[in-house]
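Thanks for making time this morning; I would like to walk through some ring and helix contacts, and please keep the structure on your screens while I talk.

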There are 2 protein chains.
Amino acid sequence: MPMVKTIEWLPDKVRIIDQIRLPTEKVFIDCYNHGDIARIIREMNIRGAPAIGVAAAMGIALAAKASAKTDYQEFLAEIEEISDCLAATRPTAVNLFWALDKMKQYILDNQAKPIAEIKKGLIALAVQIHDEDIKACQAMGRHGAELLPDETFILTHCNAGALATAGYGTALGVIRAAHELGKIKMVYVDETRPYLQGSRLTAWEMTEENIPATLITDNMAGFFMSKDVINAVVVGADRIAANGDVANKIGTYMVAVLAKRHRIPFYVAAPLSTIDLTKANGGEIPIEERNQREVSHVKDIQLAPDNVGIANPAFDITPSELITAIITEKGAVFPPFTKNLARIVNE
Amino acid sequence: MPMVKTIEWLPDKVRIIDQIRLPTEKVFIDCYNHGDIARIIREMNIRGAPAIGVAAAMGIALAAKASAKTDYQEFLAEIEEISDCLAATRPTAVNLFWALDKMKQYILDNQAKPIAEIKKGLIALAVQIHDEDIKACQAMGRHGAELLPDETFILTHCNAGALATAGYGTALGVIRAAHELGKIKMVYVDETRPYLQGSRLTAWEMTEENIPATLITDNMAGFFMSKDVINAVVVGADRIAANGDVANKIGTYMVAVLAKRHRIPFYVAAPLSTIDLTKANGGEIPIEERNQREVSHVKDIQLAPDNVGIANPAFDITPSELITAIITEKGAVFPPFTKNLARIVNE
């Protein structure tokens with residue numbers, strides 16, 4: 001993988017590439033404690049559902065390493081408090097809560113061990129969550145690439161790439177794997193307002209690996225679909241409900257509606273950790289409302305008049321009826337999703 | 001009308017408000033000859049189908065005023081050459097060609113008059129095209145406002161406002177008239193990438209007149225429609241084909257598809273000069289491809305990596321089956337559009 005590392009566990013710190021400064025600057029941020037990790041998640045120096053799950057796990061590992069507690073219950077209470085703080089950074093992506101639960105469960109399962117051992121185990125688990133995420137992305141890539149035609153002209157929205165995961169990517173993992181098979185003729189990259197994950201991050205990942213890409217504004221997707229130059233769509237997911245409804249970056253729903261009208265297959269690539277069987281449908285998934293300034297400004301340039309109202313929901317819900325298949329590390333899941341998602345999660 | 005004047009004929013020049021600098025700066029540009037006019041149309045200091053029609057007419061008036069020709073045929077030839085130059089500035093909006101044709105027809109119809117009289121007549125005609133555009137917008141406003149419910153939550157895309165016309169606006173004329181009737185509860189304003197006519201211009205027009213407005217990114221339209229908070233859509237048009245297909249700002253098609261899915265009425269407001277019966281359907285309307293830099297940069301800030309491909313079609317085609325009604329100065333036209341558009345144009 002020629003990509004820079006999205007997030008890396010180093011002996012005394014966690015290093016991430018600052019996704020706010022990409023693509024014009026490659027700057028790394030070193031995080032020394034869980035407070036640093038909470039800040040980079042909240043401020044979106046790191047983003048993408050799987051990536052923030054990994055970051056949260058590493059935040060717990062940093063906190064455990066630094067803990068002065070010698071009593072198990074006190075140690076557990078301290079980590080639980082820090083876990084709540086990390087959980088409060090962003091509400092929609094379920095991988096964050098999934099990773100924090102996994103870390104906590106490890107502490108509960110290893111009560112008999114000395115604290116020093118538990119600390120080592122938590123660090124090893126955070127690294128394992130990181131490594132398994134890359135493997136899951138590679139598996140998703142293989143499963144997804146099989147579904148694509150020999151000459152693929154594919155649209156993607158937002159960045160579900162190496163930068164959104166520990167590496168390789170979910171939606172972009174599918175594109176990478178298809179590219180390795182020689183199938184990718186063109187990747188249409190939605191710029192993805194307001195945060196521009198498409199133009200800043202996905203376009204950068206594609207150019208870094210010489211995968212043919214055309215950047216478009218979000219409102220051009222329908223134009224190119226109507227010209228019959230797109231034959232597949234693949235996106236990531238921040239949370240998938242039990243019925244297959246998908247929460248993903250704002251604008252995903254629009255792409256899915258257009259794809260349906262033009263009979264273009266619409267694929268969602270996400271690890272099993274993104275599936276939340278406790279939510280019956282997409283209506284139960286909380287949608288984050290972010291700062292108005294993301295819409296009114298690009299860096300210091302003001303785009304809108306003072307005093308206009310602004311809305312900034314960061315995600316939307318794509319109903320499962322618009323989804324052709326959900327591609328996981330265990331294979332592609334087709335409708336009926338309620339039955340087939342439950343089966344793949346529980347098997 | 002408390003709005004600034006979009007374009008104004010002054011004794012020795014044409015004055016426009018520079019739409020590139022809005023909303024943070026109110027700067028006027030004075031045009032002294034047809035070359036200045038061609039430049040401000042091409043560079044989009046003035047934009048909007050009816051407004052560039054008015055600008056082109058005033059460009060011909062400036063050229064006529066400055067002409068040293070004393071021979072009718074030489075005068076006609078000079079104006080025809082200048083007309084071709086103005087016609088080459090932008091390809092999609094038909095109002096540009098309509099206004100130039102009208103100016104030329106005046107010269108042909110008044111061959112018997114002295115050149116000095118023809119010059120005066122051309123200036124008077126340019127001013128008349130300007131004034132009639134405002135009246136047409138006001139009439140569209142009245143006809144359109146009648147179609148809207150008592151509590152209107154309306155989405156608009158791009159800027160089909162006072163700034164896109166001689167004044168009052170087409171789509172925003174409908175919104176202004178409905179606001180005067182107390183019907184407007186909320187205007188959802190698509191920011192309209194890449195040129196940001198929504199955030200920079202429409203949001204500004206709404207705040208200037210205290211019409212309640214919420215700015216959203218283009219990819220949020222589906223989210224708000226799915227929340228049932230939008231009950232009407234109104235947009236302008238750059239050209240309407242004989243069958244009712246509408247060329248309008250890129251992204252209009254996407255909004256129309258979403259409106260259809262959510263059973264929200266989709267209205268197009270445009271003067272009769274926008275209807276081009278010589279084009280059987282939208283497929284025959286030329287679509288302008290603009291500079292890649294509009295997508296890759298916001299002012300001097302680079303949003304995308306070097307070397308990524310970029311597409312920038314400035315318009316798309318909304319098929320007539322997605323359109324509820326086309327609102328003209330002579331009233332609203334409903335399907336079947338082929339029959340009803342021909343009738344209203346020719347009556």
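Over all chains, the structure holds four aromatic pairs, where a pair means rings of Phe, Tyr or Trp (its six-membered ring) with centres within 6.5 Å, stacked if the planes are under 30 degrees apart, edge-to-face if over 60, and tilted for the rest. This is a predicted model, in which local features need pLDDT of at least 70 and side-chain atom pairs count only at pLDDT 80 or more, while totals for chains, interfaces and linings use all residues. Residues are numbered from 1 along each chain as its sequence is written, chains are lettered from A and ligands numbered from 1 in the order in which they are written, and side-chain values use heavy atoms, with hydrogens and water left out.

One of the pairs is A:Tyr188 with A:Phe224, which is tilted, at 5.3 Å centre to centre and 35 degrees between the planes. A:Tyr188 lies in strand S5 (residues 184-190) of chain A and A:Phe224 in helix H8 (residues 221-226) of chain A, so the pair ties together parts 36 residues apart in sequence; helices (H or I, at least four residues) and strands (E, at least two) are DSSP runs, numbered from the N terminus. A:Phe223 and A:Phe224 have ring centres 5.1 Å apart and planes at 85 degrees, so this pair is edge-to-face.

Turning to chain B, the charged end of B:Lys249 sits over the ring of B:Phe315, 4.3 Å from its centre, the criterion being NZ of Lys or CZ of Arg within 6 Å of the ring centre and within 35 degrees of the ring normal. B:Arg200 likewise lies over the face of B:Tyr195, at 5.0 Å from the ring centre.
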